[in-house]
Amino acid sequence: MVQYISTRGPGDPQSFQHVLMSGMAPDGGLYIPETWPQVDPSMLVTLAGRPYAEIVWQMLHAFAGDDLTPAELQAVTRDAYALGNFDHAAAAPLVQIGPDLWLLELFHGPTLSFKDYALQVVGRMFDRMLQRSGQRMTVVGATSGDTGSAAIEACRGSRHIDIFILHPKGRTSEVQRRQMTGVGAPNVFNIALDGTFDDCQAIVKALFADQALREKYNLSAVNSINWARIVGQMAYYIAASVALGAPDRPVSFTVPTGNFGNVYAAWAARRMGLPLGQLTIASNRNDILTRFFDNGVMKVEKVTPSLSPSMDIQVSSNFERYLCELLGRDHAAVRRLMENFAARGSFTLPPDLHSMAQRDFRSHRCSDEETLETMRACHAETGVLIDPHTAVGLHAAKALKTGSGPSVVLACAHPAKFPDAVKKATGLAPPVPPRLAAVMTKAEHMIVLPNDVERVKSFVRANAKA
């Protein structure tokens, strides 16, 4: 059975249930599997054409062990990806837009973003385990746009969970904001923080670092610092790969990312034995990851608002997981690097390790002007409307295209979530799905707080029921 250790530990190995419910390790590190389960190539062949829920079940079963029975996991995944909750029978369909070039549509869930694919499962696992134990949980999270609404949708109405989501005031699209603030459930609390996403993320980490607060209110995380999120995201790489010929031919993926969680999930699937081709990181103007893979220096710069706000990030939390593997699981070295990074805002990898990282990932940045041009060209050439984040990925895939074989760009959000950018690029207003149209007319529920961890703590204490 797989157990879990901290990137900064390792400490005592923990169960999947502990990792799911706690989110972040008490030493400030992130949980990773003590040993990696392996995918049998013959098993991959059997997954081709299988329902998406079955592929997710296979992944969860590999990492959850006996903490949830196979029957419980099957019930969770069937319910999560059922038609009505997801609006496409394939859940994550591939759409071909060119020779050996596909979009992987990850916007068919309740909030029309890729975050639904893991969080719909995570929310259901939370509820099952809390009901079993008779406990109540306080979920806290930071969002640059889509995580918040997906987490709220997964937890709204739960009798066992209070959820607090911090978003940077004025730095999400109106649609993204309303998907969060339009939910009037009594267990949902939206905090509009006067700051950036990185400020929101830093406050969430500070809440977890307060051991007394963490224990009293039974804190847990829904950001991709929660290992279960990563497992849920691995599944769509496997589904797309086997649909396009894996394991007989490797499939390459381009991933628009700011927090590194989505592309780390692809790396993790490769670490399990999925024969992936190239993994390309696509950045917008907030290009800390691209700069790192270019020169080996991870350095924080000012966050600049862009057309792809979910990627307006300068501190990529999930990079710590990959860094731990890159350093040969030298936990003390990880701790030193991350503490120096927190204090100084930068660190530099030795040339040999930087070369290893460049073998694992390619990277490319995309300006707002290039984003709009990619959106325009995609529609003109294929008739397909894409959102700005997908455009950042498509621009990178075309700029760095080498070799042959299938190449997949992750389409991470529905274009209707960014109507202004779509119309500016193409002259067309994207069709609005009914579930999104309903959100735009609802009253908003949120509180504006300063960038002050003590004010946020006071708000949590006043409203959490755990």
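Tutor: A salt bridge is a side-chain nitrogen of Lys or Arg within 4 Å of a carboxyl oxygen of Asp or Glu. The model here is predicted, and it holds 23 salt bridges.

Student: What makes Arg 291 and Asp 287 a salt bridge?

Tutor: Their closest N and O atoms are 2.9 Å apart. The cut-off is within 4 Å, so the pair is called a salt bridge. Arg 291 and Asp 287 are both buried. The two also belong to a network of salt bridges, which links them with Asp 294, Glu 301 and Arg 365.

Student: Why is the pair of Glu 381 and Lys 398 called a salt bridge?

Tutor: The closest N and O atoms of Glu 381 and Lys 398 are 3.6 Å apart. Glu 381 lies in helix α16 (residues 368-382) and Lys 398 in helix α17 (residues 388-399), so the bridge ties together parts 17 residues apart in sequence.

Student: Why does Glu 381 count as exposed, and why does Lys 398 count as partly exposed?

Tutor: Glu 381 has 58% relative accessibility. Exposed means over 50%, so Glu 381 counts as exposed. Lys 398 has 46%.

Student: How do you know that the salt bridge of Arg 124 and Asp 79 links distant parts of the chain?

Tutor: The side chains of Arg 124 and Asp 79 meet at 2.7 Å, N to O. Arg 124 is in helix α5 (residues 116-133) and Asp 79 in helix α4 (residues 70-80), 45 residues apart. Asp 79 is partly exposed, at 43% relative accessible area.

Conventions: Residues are numbered from 1 along each chain as its sequence is written. This is a predicted model: local features need pLDDT of at least 70, side-chain atom pairs count only at pLDDT 80 or more; totals for chains, interfaces and linings use all residues. Side-chain values use heavy atoms; hydrogens and water are left out. Helices (H or I, at least four residues) and strands (E, at least two) are DSSP runs, numbered from the N terminus. Buried means under 20% relative accessible area, exposed over 50%, partly exposed in between (1.4 Å probe, protein chains only).
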